[in-house]
Amino acid sequence: MIESEHDVTVKRINELARKAKAEGLTEEEMDERNALRKKYIDSFKSSLRSQLDNIKFVDEDEKK
């Protein structure tokens with residue numbers, strides 16, 4: 001099975017989170033973690049915005 005870019009990002013974020021708890025992170029790893037988190041959040045926002053843009057509200061008059 002081929003991992004998507006999203007899956008790879010989440011996997012790496014989780015790896016860094018485990019390492020942070022176990023032994024701490026280097027400055028480079030903290031920078032990487034912050035960049036990956038920002039990328040993940042931006043992707044989530046974009047996806048949510050797209051879903052919300054495709055919602056159509058229907059009132060009682062439009063049903064007729």
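Is Lys38 buried or exposed? Lys38 is exposed, its relative accessible area being 53%; here buried means under 20% relative accessible area, exposed over 50%, and partly exposed in between (1.4 Å probe, protein chains only). The structure is a predicted model, in which local features need pLDDT of at least 70 and side-chain atom pairs count only at pLDDT 80 or more, while totals for chains, interfaces and linings use all residues. Residues are numbered from 1 along each chain as its sequence is written, and side-chain values use heavy atoms, with hydrogens and water left out. The structure holds 5 salt bridges, a salt bridge being a side-chain nitrogen of Lys or Arg within 4 Å of a carboxyl oxygen of Asp or Glu.

- Asp42 pairs with Lys38 in a salt bridge whose closest N and O atoms are 2.9 Å apart.
- The two residues, Asp42 and Lys38, are 4 residues apart in helix H2 and therefore separated by about one helical turn; helices are DSSP runs (H or I, at least four residues), numbered from the N terminus.
- Asp42 counts as partly exposed because its relative accessibility is 36%.

- Glu15 has 32% relative accessibility and so counts as partly exposed.
- Arg12, at 27% relative accessibility, also counts as partly exposed.

- A salt bridge links the side chains of Lys19 and Glu29 (2.6 Å, N to O).
- Because Lys19 lies in helix H1 and Glu29 in helix H2 (residues 27–53), the pair ties together parts that are 10 residues apart in sequence.
- Lys19 is partly exposed, with a relative accessible area of 25%, whereas Glu29 is buried, with a relative accessible area of 15%.

**Surroundings of Glu29**

- The side chain of Glu29 makes a polar contact with that of Lys19 at 2.6 Å.
- A polar atom of the Glu29 side chain lies 2.9 Å from the backbone nitrogen of Thr26.
- A polar contact is a pair of N or O atoms within 3.5 Å; within protein, one must be able to donate a hydrogen and the other to accept it, and residues adjacent in sequence count only if both atoms are side-chain atoms.
- Leaving aside residues up to four places away in sequence, Glu29 touches Leu16, Lys19 and Gly24, contact meaning heavy atoms within 4.5 Å.
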